Structures are given as structure tokens and as C-alpha cells.
Amino acid sequence: MSGAIDSWPALSFLEGLRPGPDENVELALLASYSADLGSIGAALLALAGKDNEAGRGSPSDFADAVERLRGKVRIVIQRGRLAKMRRTPHIAAVLDQFVREVDFDEAIHSWHPKAALVRTRSEGGEIGWRLWIGSRNLTECVNRDIGLLLVSGKNGGGPVPGAGDLARALAERAKLKGVRPATLAAEVTKIPWRAPSGVRVERIRWSTGSGGLQVPVPPTGADEIVVVSPFVDKSFLAGQVSNAPKPARRVLLTTMREIERVGPSLSSFDDLLALDAPDYPIGDAEPEQAPPVSTSKADTVDDEEEEIGRGLHAKLLFVRAGRKRTLWLGSANATMRAWTGRNAEVTAELRVTEAQEKGLRALLGSARIVEASDSEYRPDAAALEEEALERARAQVAARWSGTLSIDGDEIRLVHDSDLFPHGPHPEETDIVLEVGALHGELKAWPRRQTTVPLGPMLPAERSEFVRLRISRGEKGLSWLQRAPADPPFGEERDRAAFVRFLGARGFLLWLAGLLADDGRDGEDDWTIEKKRDRAAPGTDPALDPALPTLEEMLAAWSRDRNRFREIERRVSEYLPAVLERAAQEDPQTDAMLRRFRALWDKLRIGLGEERKGKRR
């Protein structure tokens, strides 16, 4: 948001997460209603400062992001609202450690906030904070969303009431080791926050999902009331009326689906506006297919340029009374469930200038004027079936109590619940529930069966993400949920996954990039799996460009010895497994790796790092 232009700027959500050039992320707590694995990966790349302009990164960038952010980042979502990618790479299994789910029963309430709280530290030791509040879910869907980014800074900033409540709630749900919710809340409460030009933050409103909040009421003498939301209900809209001799002008911007559903009562609005309905993750994705053999750079650019968000997903309430302009924005739809606190929601109450109001006018001007429907919408059989499947999804998610147990290479899903002892199955008995490992086949889960064998799984492919699908006839819904492993998979699983993912040459590219602080495989995309191990035919292992040079090793040591020791730790943890794989698959690459190990060991002894490494 900026007061210098007529319309609000289109900024990437990832820009709000990305640290500065000399900063590193120490803590990041993200909240979203829904998410998908690709967007979670993109968020990690941004938090590590490794993403490119398209929000993607190379395989080594992805590996580096996971290594840097392990134990520092949590993404908290509503259980039952995690989607796969169109093509899910095996390495996505390691993303399970960053996700935590809230077990709200969506028949009653939902975990619905969209927020990000990020703490950074500069090379000079200075602490910085960023707080983002908005309407965007952590998914690849591109819609019209709105958000507010606050940054810490004494000049022109001040504490914001409610920021500590949000920090506490995120920390309580994230359950990160070493992060105490009360301590974090006290620290965030004191932070001086700087808002965009033309914006003053009055407070942040956090609702826990237990109800008891008051809906904002327009003041007497309000001149105009504007509601923007993809979902609405009659009760909330009826309350947005000012008690004054001269009634306020009332404007509603929503979708045709809602206008048709609510019906004639919307005729009381002076302006009734519509935009396209928002896009959501695919409910029941087709079986994954292999990517095309090649895609030209030009084709990729064209696709990105054509991907413009048209669906309305922004949520805001605007009231103008004389020269006073109040704007509420955040995650809450224009419904009583959202604003009375039945959902967990976060909104920011702002005072804005006329310049910021112009951004709202630009949004309204992009919509089309429509008429209220003569009658309320009555769902047909197809819509009723969709509603039944959504209810069944919510029931499975709310009843979920699954954990993973390991017996050799075999993985079993065990359901253990006192409330639902016979399984998490939906109430309607003709709806089929299927389950499978992240990259395994789905299999029917019989009712009253509490243990389901998921089959053998290599250590590199193990994940706490479990695939679920409900169906009746030809219609179905599929999604992912976490089933904590006992014992946890831990860093050993990550190392096995990265060795398989990067391959031997990819591992050396990763190290060379860390040593030289550049990206050796920057043109690759972590979401696309391909063979990475072998050098080009006829390549001399001693001359392979993937091999880190002595000059790069010495330069890295002299530039930052602590950073060099962090790289050394990764070599000691990963190299044995990489050597074992190369010895089994490719003698040429094995020779290259052994040459690297000999050079690395000599260098460490010569620099005195061998002795220091043993002391650690």
C-alpha cells in the first residue's frame, strides 16, 4: 500500500518475507487457512533469500533453505486444507517439519488467519522485524488479495495494540522449541512499527475462534460504507448501516455466486458490484504426469505474464465519515462467523488518507455493476453433492488422530482416538475414504479399522504428510494431512532425501555455491526432478566444473571462518552418504568425489580446522 499512486501497488507476498542482503531470518511464524507444498517451498526460499524473480529456486537453493531454516520456521494451517502440487517432487517430503495443523472442526469454526511474523538479524547484530497481515492464503492461486506490511523502526514508528496477542497465538500453535509464547508476545508488544505512507495502524484485532467479539458498527454520521468480500451473509451486511437522518451510501463488492445466493436483500445497496470468484487449489487433482521434455524460456515468460489474478479474494471494510477514513483489512470475510470471533481471524484497523482511498476506488472501478437477484439461490444436485463432500472432508480432518509407526522399511498409519475409536471416517457411510503415503498408491480405508499398512518406504521418501481422498461415485476430494512419526524422522531423513535429490554432482554444486556464495545450478528448478548424478560423457573428473576449487575454499575461509565451519559441518554430514551412492552408481563421479575429499581434508589440516572440528 502506498499513498503516492491512484491504485494500490501489486507486490509479491514473498517480498514481505525476504530478508535484506545482509540479514538472516532467525524466526518466522506464518499463518494461513490453506496451503500447498509448492508455495511452502517458495516461502522457505524467500525466507532464506534464495528465491528468484519467479518465486522459484534451484535444487541446491532449496536444500540450503531447508538447512538454514530448520527449527526456525513454522507454517500453521487449518487441518484438511493442505494441497499437493501439480507434480510433487519426492524432496517435498522434507517440508513436513515446517507445517503444523489446527484441528478446528469446520462445522463450528475454522483457523482462518493470514499473517507472517519474521525476525531477522543483520551481520552487525541488529534485530529487525516484519509483520504482514492480509487475505492471501499460502497457495499458488493468483487472486485479487490485499495485505499490510509493517516493519520495525524507531523513526516514524510506534507500538501497535494487539500485535503481542497475534505473536502469542502464532507461537502457541507453532510449538517451536525454544520459543516461549509469553516472552515473544512481550517483545513484539514493545516493537515500534512503521506503516506505509498514508496509513496509521490503530490496532490489530485477533480472534481466537471461541467467539465473544463485537462486529464493527458504522458511526453516526457515516457518509459511506464499503464492504469487499468474496463471501457474505445477511446478518453482517444488515449491521453495516449508520443511524443518521441521512443514510450513508452503501457499496458491496463480492462475487456473482454470492449475489445469487443471498438474493433480494442485496437490493438495499446503492452500488452492487461483482468480480470473478477466486481460484482455489484443485480439489481432486488428476494423476501426476511427467513434465514436458523441454520448455523454452520464452514460453515460460509468456505464461507468467498471462497469469494475472482476476478472482476476488480481498476482504475489507471501509467507512468514511467526513474527513475520517477507517479501513479494516485482513482475513475476515463479511460474515458473522468471521467478525464475532467464531473463526480464528486477524484484521488490522487503520486510519487512511484520501490518497489511500484512491486505491479502494481503483479496485471498485475494476468491477462490474450488477442487479440483485429476484430470488435466493437454491442449490442443484451437483452443488449439494459438493457440499456433502466438503462436510465429509471437514469431518475426517476434525476426527483425525493418526500417527505413523515404522517396522523396518514398512510404514503403518495408526488411528488412536477416544472420541472416534473406529476411525476418522465421515458420517455418511456411502462416502469412501482412501489413504496413502505422500508418493504411494491410495488404498481404501475400511471403517472400524484403526491400522492401515502404507507399504515399504525408503528412508529418503519418508514423510509425515499422508494423502487422503473421499469420494462418492465419480466425484471426490483429495488433500494432505500430517501424521506425526514415532520416532520422528529427523535430520537423517533430510540428509538421505537431499543425497538422492541432489545427486553427487549436485552436492558438489551446492558446496561450490556455498563456498563462492553464488548459484552453480541457478537455471534448475527444485520442483522438477531429473537425473543429476553423472558428469558429461568423457569429462575428466579432475576438470569437472562442479568440483570446488582450492581457491574457492581458501577464499571462503578467509572471508568468514564461522561460515566456513558451517560448510564443513555439511560436508562431514553429507559426504559419506554421497560417496556411498556414487560408488554404487557411477565410478567416474566416485573418483571426482574422492579427489574432492582428499583436497578438503588436506585443506582443513593445513588451516587448523581439523583440530577445531574435533573440539566441537
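Which residues is D64 in contact with, leaving aside its neighbours within four places in sequence? In this predicted model, the contacts of D64 are K50, W510, L514, R563 and R570. D64 is found in helix α3, which covers residues 59-69. Its relative accessibility is 1%, so D64 counts as buried, the cut-off being under 20%.

The nonpolar residues were examined next. In soluble globular proteins, nonpolar side chains tend to be buried together. The largest nonpolar core has 70 residues. Those with the most contacts inside this core are L17, L30, L37, F62, L95 and F498. Helix α12, spanning residues 490-516, gives the most to the core, with 12 residues. When residues up to four places away in sequence are not counted, F498 touches F62, A63, V66, E67, I91, V94, G503 and Y574. Another core, of 54 residues, lies apart from the largest one. Among its residues are L117, V188, A344 and L350.

A pair of helices was also examined. Two packed helices are described by the angle between their axes and the distance between the axes. For helix α13 (residues 550-559) and helix α15 (residues 587-607), the axes come within 11 Å and cross at roughly 35°. The crossing of α13 and α15 is right-handed. On the α13 side, the contact is made by L550, M553, L554 and W557. On the α15 side, F596, L599, W600, L603 and L607 take part. By class, the contact of α13 with α15 has nine nonpolar residues, with no polar and no charged ones.

Notes:
Residues numbered from 1 in each chain as written. Predicted model: local features only at pLDDT ≥ 70, side-chain atom pairs only at ≥ 80, totals over all residues. Heavy atoms only, no water. Axes fitted to C-alpha atoms, helices over the stretch in contact; angles between N-to-C directions. Helix = DSSP H or I, 4+ residues; strand = E, 2+ residues; numbered from the N terminus. Left-handed = near helix turned anticlockwise from the far one by under 90°. Contact = heavy atoms within 4.5 Å. Nonpolar A, V, L, I, M, F, W, Y, C, P; charged D, E, K, R; others polar. Buried < 20%, exposed > 50% of the residue type's maximum accessible area, 1.4 Å probe, protein only. Core = buried A, V, L, I, M, F, W, Y, C linked by side-chain atoms within 4.5 Å.
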